[in-house]
Amino acid sequence: MLSTARSRAIWQLSRRAQVSARRSYSYTANEQRGTNDPNKPKEVPNVSKTNELPTETIHQDAPLQENVEDAERLRVAQAPNRATTWSRSQKPRGQAMTGPRFEQTIMELQPAPQAAISLIHKQPVRWTHERVVSCDGGGGPLGHPRIFINTDKPQICQCTYCGLPFANEHHRKHLESLPETSYPLSAQGDVAEIPESQRITNEALGQR
Ligand SMILES: [Zn+2]
């Protein structure tokens, strides 16, 4: 009888250990940090006042120097053309650019790619007389598998891979009568616009 009670106690203990182990594993695996986390990461400002002093370097024409306010603005801005995050999988830049890697660096010299989600909405609509158009993103190594897009509906039909907009000429009047559209209906002369025919060569891995 005693041994049964004892073995049950041992089983319960091991079971509890398993459950708590699993719980702590899932916690770290998802990197969830609750608001009541007692070990909150310490917020250390990594934009340094020492960067205001000019530093000469042989690799740069101008001395390395930056204003603290400008650097802080650049550190926190998500992208040059987007102030905040636009996807749930993104980490705010202010959180991502912390730690020793980003200490005492000139923020202006850090990579800051433009947000593609904003750039694609500067592409003008590709007008067509066809009911079905195809898009391969321009082909070549930067393209995507060719897909076919139906343009029957009176709306801008965008490619689900790269977001390029297409519309049928039949709906031009209707689209032009709308107060605003998600893509410009004609070329605006924006530097972000890409030419309609990007392909230069036809071979499989041809460069654009
Ligand atoms: Zn596409």
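This is a predicted model: local features need pLDDT of at least 70, side-chain atom pairs count only at pLDDT 80 or more; totals for chains, interfaces and linings use all residues.

**The open sheet and its surroundings**

Author: Cysteine 157 has phenylalanine 166, in E5, as its bridge partner.

Two bridges join E4 to strand E5, which comprises residues 165-168, and the two strands run antiparallel. Besides the pair of cysteine 157 and phenylalanine 166, glutamine 158 stands opposite proline 165 in E5. E4 and E5 form a hairpin, with six residues between them. In the turn of that hairpin, glycine 163 has a positive phi of about 90°.

E5 is also joined to E1, here by three bridges, and these two strands run parallel. Within this pairing, asparagine 168 in E5 is the bridge partner of threonine 128. In general, the strands of a sheet pair through backbone hydrogen bonds, in either a parallel or an antiparallel manner. The pairing in this open sheet is mixed, and its three strands follow the order E1-E5-E4. The edge strands are E1 (126-128) and E4 (157-158), each of which pairs on one side only.

The side chains of E5 deserve attention next. Pro165 and Ala167 point one way from the strand, whereas Phe166 and Asn168 point the other way. All four of these residues are buried. Phe166 and Ala167 also belong to the largest nonpolar core, which has six residues. Leaving aside residues up to four places away in sequence, cysteine 157 touches Ile149, Asn150, Thr151, Phe166 and Ala167.

For context, the chain as a whole has five helices and five strands. From the N terminus on, its elements run α-α-α-α-β-β-β-β-β-α. Of its 208 residues, 8% count as buried. Among contacts between residues at least 6 apart in sequence, 53% join residues at least 24 apart.

Valine 47 is found in the loop between helix H1 (2-30) and helix H2 (68-76). Valine 47 counts as buried because it has 22 C-beta neighbours inside 10 Å, and the threshold for that class is 20 or more. Not counting residues up to four places away in sequence, valine 47 touches Val68, Ala71, Glu72, Arg75 and Met107. The C-alpha atoms of valine 47 and glutamate 103 are separated by 6.7 Å, although the two residues lie 56 residues apart along the chain.

Tryptophan 86 is found in the loop between H2 and helix H3 (93-96). Tryptophan 86 is partly exposed, because 13 other C-beta atoms lie within 10 Å. With residues up to four places away in sequence again left out, tryptophan 86 touches Ala115 and Ile117. Tryptophan 86 and serine 118 are 32 residues apart in sequence, and their C-alpha atoms are 9.9 Å apart in space.

Note on methods
Residues are numbered from 1 along each chain as its sequence is written. Helices (H or I, at least four residues) and strands (E, at least two) are DSSP runs, numbered from the N terminus. A residue is buried if 20 or more other C-beta atoms lie within 10 Å of its own, exposed if 12 or fewer, and partly exposed in between; C-beta atoms are placed from the backbone. Two residues are in contact if their C-beta atoms, placed from the backbone, lie within 7 Å. A nonpolar core is a set of buried Ala, Val, Leu, Ile, Met, Phe, Trp, Tyr and Cys residues joined through C-beta atoms within 7 Å. Two strands pair if DSSP finds at least two bridges between them.
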